Amino acid sequence: MKINKIYRNKIYLDTEEIIDISPLIRQKYDLKVNDNIERFYDEISYESSLEKGIFLISLKDRTKKEIRLKLEEKFRNKSAILQAIEKLEELGYLNDLNYAISYIEGRTYGKNRISYNLFQKGIDKVTVEKAYLILDEEKEDNVDDTKLEKLIEKNSKKININNKREEKKVKEEQKLIQYLARQGFSLDKIFKKLKEYKENYE
């Protein structure tokens, strides 16, 4: 496993792999063209993956799955990538539970849509449920209910009880229900909160 070329913080290996390396790593292993790096390969891959992971997280919060996929685009050594991810977790840079909490707080969607989005990002159902429980305990209120109530309040003109034309009111209410369902709220919850809103409005 020889270095064919070193250019702009990248080493080009005879295996056709290209590894991003920092000047620090290059200096530490005294890397030069034609060097055989077989015995250092795992260490170089690990340290480079770790540095790249820290850089990616510094740009924006990411989940474990997102970091793993990004690193797999850059590096071939899967065990080094997994080792780097473990280290990132240990250092506190990567935390799927904290990511889920932050994601839930930053979105107006309902729980169904949020859970689906987080699942796509590699966060399992148990972690999502735990995040909701933590937020509910912190706020002493149900996060999903609060979001739904705010959306109903925001769109309250559509279900205004004083609307003269009953037919139009029903149509608007149906549109609102469909909109709220698309935002990821369950129908049971939508009907319950609409009923409560109307009762309070009257």
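**Charges, shape and a buried isoleucine**

In this predicted model, the mean positions of the 43 positive and 39 negative charges of the protein lie 7 Å apart.

Student: What makes a residue count as one of the 43 positive charges?
Tutor: Lys and Arg count as positive, while His and the chain ends are not counted. The 43 positive charges are therefore Lys and Arg residues.

Student: Thanks! Which elements does the protein have, and how do they run?
Tutor: There are 10 helices and three strands. From the N terminus on, the order is β-β-β-α-α-α-α-α-α-α-α-α-α.

Student: Why is the protein called more spread out than a compact globule?
Tutor: The globule rule gives 17 Å for 202 residues, but the radius of gyration is 26 Å, well over that value, so the protein is more spread out than a compact globule. Along its principal axes, the C-alpha trace spans about 85 × 30 × 20 Å.

Student: Now to Ile37. Where is Ile37 found?
Tutor: Ile37 sits in the loop between helix H1 (23-28) and helix H2 (41-59).

Student: Why is Ile37 called buried?
Tutor: Buried means under 20% relative accessible area. Ile37 has 1%, so Ile37 is buried. Across the protein, buried residues make up 40% of the 202 residues.

Student: What does Ile37 touch, not counting residues up to four places away in sequence?
Tutor: Ile37 touches Met1, Ile3, Ile11, Leu13, Leu31 and Ile44; each of these has heavy atoms within 4.5 Å of Ile37. As for Leu13, its C-alpha atom is separated from that of Ile37 by 9.1 Å, with the two residues 24 apart along the chain.

Definitions and conventions. Residues are numbered from 1 along each chain as its sequence is written. This is a predicted model: local features need pLDDT of at least 70, side-chain atom pairs count only at pLDDT 80 or more; totals for chains, interfaces and linings use all residues. Side-chain values use heavy atoms; hydrogens and water are left out. Helices (H or I, at least four residues) and strands (E, at least two) are DSSP runs, numbered from the N terminus. Buried means under 20% relative accessible area, exposed over 50%, partly exposed in between (1.4 Å probe, protein chains only). The radius of gyration is taken over C-alpha atoms; the globule rule is 2.2 Å times the number of residues to the power 0.38. The place of a charge is taken as NZ of Lys, CZ of Arg, CG of Asp or CD of Glu.
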